[in-house]
There are 2 protein chains.
Amino acid sequence: MTCPCRVLCLVPKPECSKAQGQLPRHRATGPALAKQVMALPLFSGLDHDVLERLMADSTALNLERRSLLFSAGAPADCFYIVLDGQVKLSALTPDGRESIVEVFTPVSSFGEAAMLSDSVFPLHAEVIEDATLIRVGRRAFVATLKSDPVVGYRMLAGMCRWHQRLASEIHHLKQIPPWQRVAEFLLALTDAHAGQAVVSLPFNKEILASRVGIRRESLSRVLARLRDMGVSTEGNSVRIDDVASLRQRCNAAQ
Amino acid sequence: MTCPCRVLCLVPKPECSKAQGQLPRHRATGPALAKQVMALPLFSGLDHDVLERLMADSTALNLERRSLLFSAGAPADCFYIVLDGQVKLSALTPDGRESIVEVFTPVSSFGEAAMLSDSVFPLHAEVIEDATLIRVGRRAFVATLKSDPVVGYRMLAGMCRWHQRLASEIHHLKQIPPWQRVAEFLLALTDAHAGQAVVSLPFNKEILASRVGIRRESLSRVLARLRDMGVSTEGNSVRIDDVASLRQRCNAAQ
DNA sequence: TTTCGTGCCTGACGAAAGTCAAGGGCACCC
DNA sequence: GGGTGCCCTTGACTTTCGTCAGGCACGAAA
């Protein structure tokens, strides 16, 4: 179920429109899609034609929930961009439990690290919500990278920003108590700086718990506690009564 | 207190030897130094002449403990390589406590992220053990990066590996209990796979505690508990009676 | 010598997370 | 209707971490 036309074709050719019919979850096509992809940290600041060259031998994939993209140890001759749905990267702890390292939602990319360096994926990747992905082939990507000096520089800068995000997450895990991590996660879902806000959780609570580094039972308790701070949850919809007040509490707290 | 000669000069000129006298902590000079620097993730796989071009306007620094390299918000027109000593990167939590994000020991680099993207440092950097650093200027670095297509590619791959390390650390912080993180930290200090091993802690316990994400009191308790597993500490020297057994316990544990 | 600061350990206590177990609500399917 | 699986919540209990406080060893400064 791959798209035969160029992934980023700005003006889909007639024969492509049929192919795109096979990709019902393609919310954005043509220019809009390109715009989303160009917003990725890896690609930020790159020209559109460079992008097309980078992704010359890429294909789109439609995968159902529970599809295994790759297992740890598989050869990494490509990386992936999530256009829709969700993909989780997980490791297996020695005692057999699963540990979710990261969950990728639209629009984000993963696997470049393995493709560019190790050539072997270090983690498992599984689709956890029916997904549309771009599979970026190694050949054209690396060739373009080597041919154009600016490309590498721009991508490097993008990676660096990403690196900072990870470093900041490490800082959070060490220094911020779980309930605050949850609160900040919720606050990050809204643009509002004051007043009421209603956000919807991007994934279920099992995964949210894993994201903030606690068990799901603990998450339930945290959410119960947050109710006293004006945070009410119903299903995956969360209402924050007073955004400013919650923000303040996060900052002021212990 | 900067070295006037080229940082990586293979054969120090006469006038340089005097300058190097000002840098008593330069353990490695010339080829040895270059070798160390080239082992950095950022530079792995680069030719020596490329390295020299990258670091054309770099200088060496000798700084005493407690020197402030830069504060959060300072313009990032360079990044640093630690040749000797230690530098900590820290953030200030809203309530004024310090949070150590990372500690850099020889030979490692930091600040590239800020230099290449934001042009502002997001963290504070302070020397915590008398240090010898290379301050890599932005101009030549970026110029070289843009002029040679392969350089960016190689550096990108290096960054990706680094990225994986961070991702794995996040995984650890979420999934591994503190005592195991300490144990694994100790195990990582030795090459031995079995039998006895004696390692020396690369920094004091306050910092070690911060590294593994617990308080120093908790670290003391953890080390006390590890004594039952044949781990005895005396000062900054740690003896592991049975490396294999400890490894197994880490893996088998809960 | 005393004094002070530093680094480290330890105990007591409370808060909070993990674990185990049970159960409710809901969709889906015979 | 009843069965089943999934997601989530709650309670009881255990474990552990953080906090506060005290104390000891050591070296530098007064």
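Modeller: A polar contact is a pair of N or O atoms within 3.5 Å; within protein, one atom must be able to donate a hydrogen and the other to accept it, and residues adjacent in sequence count only if both atoms are side-chain atoms. This is a predicted model, in which local features need pLDDT of at least 70 and side-chain atom pairs count only at pLDDT 80 or more, whereas totals for chains, interfaces and linings use all residues; side-chain values use heavy atoms, with hydrogens and water left out. Residues are numbered from 1 along each chain as its sequence is written, while chains are lettered from A and ligands numbered from 1 in the order in which they are written.

I begin with DNA strand C. Helices (H or I, at least four residues) are DSSP runs, as are strands (E, at least two), and both are numbered from the N terminus. H9(A) supplies the largest share of this surface, 4 residues.

In total, 16 residues lie around DNA strand C, and those that come nearest are A:Arg215, A:Ser218, A:Arg221, B:Lys205 and B:Ser220; a residue is near a molecule or strand if one of its heavy atoms lies within 4 Å of it. The surface near DNA strand C holds 10 charged, 4 polar and 2 nonpolar residues. In this classification Ala, Val, Leu, Ile, Met, Phe, Trp, Tyr, Cys and Pro are nonpolar, Asp, Glu, Lys and Arg are charged, and the others, Gly among them, are polar. Sugar or phosphate accounts for 70% of the atoms of DNA strand C within 4 Å of the protein, and bases account for the rest.

I turn next to DNA strand D. In the side chain of A:Ser220, an N or O atom is 2.6 Å from a phosphate oxygen of DNA strand D. The backbone takes part at A:Glu206, where a polar backbone atom is 3.5 Å from a phosphate oxygen of DNA strand D. As for the bases, an N or O atom in the side chain of A:Arg221 is 3.3 Å from a base nitrogen of DNA strand D. The elements giving two or more residues to the surface near DNA strand D are helix H8 (205-212) and helix H9 (216-226) of chain A, together with helix H9 (216-226) of chain B. Of these, H9(B) gives the most, with 4 residues.

By class, the surface near DNA strand D comprises 10 charged, 3 polar and 2 nonpolar residues. Of the atoms of DNA strand D within 4 Å of the protein, 70% are in sugar or phosphate, and the rest are in bases.
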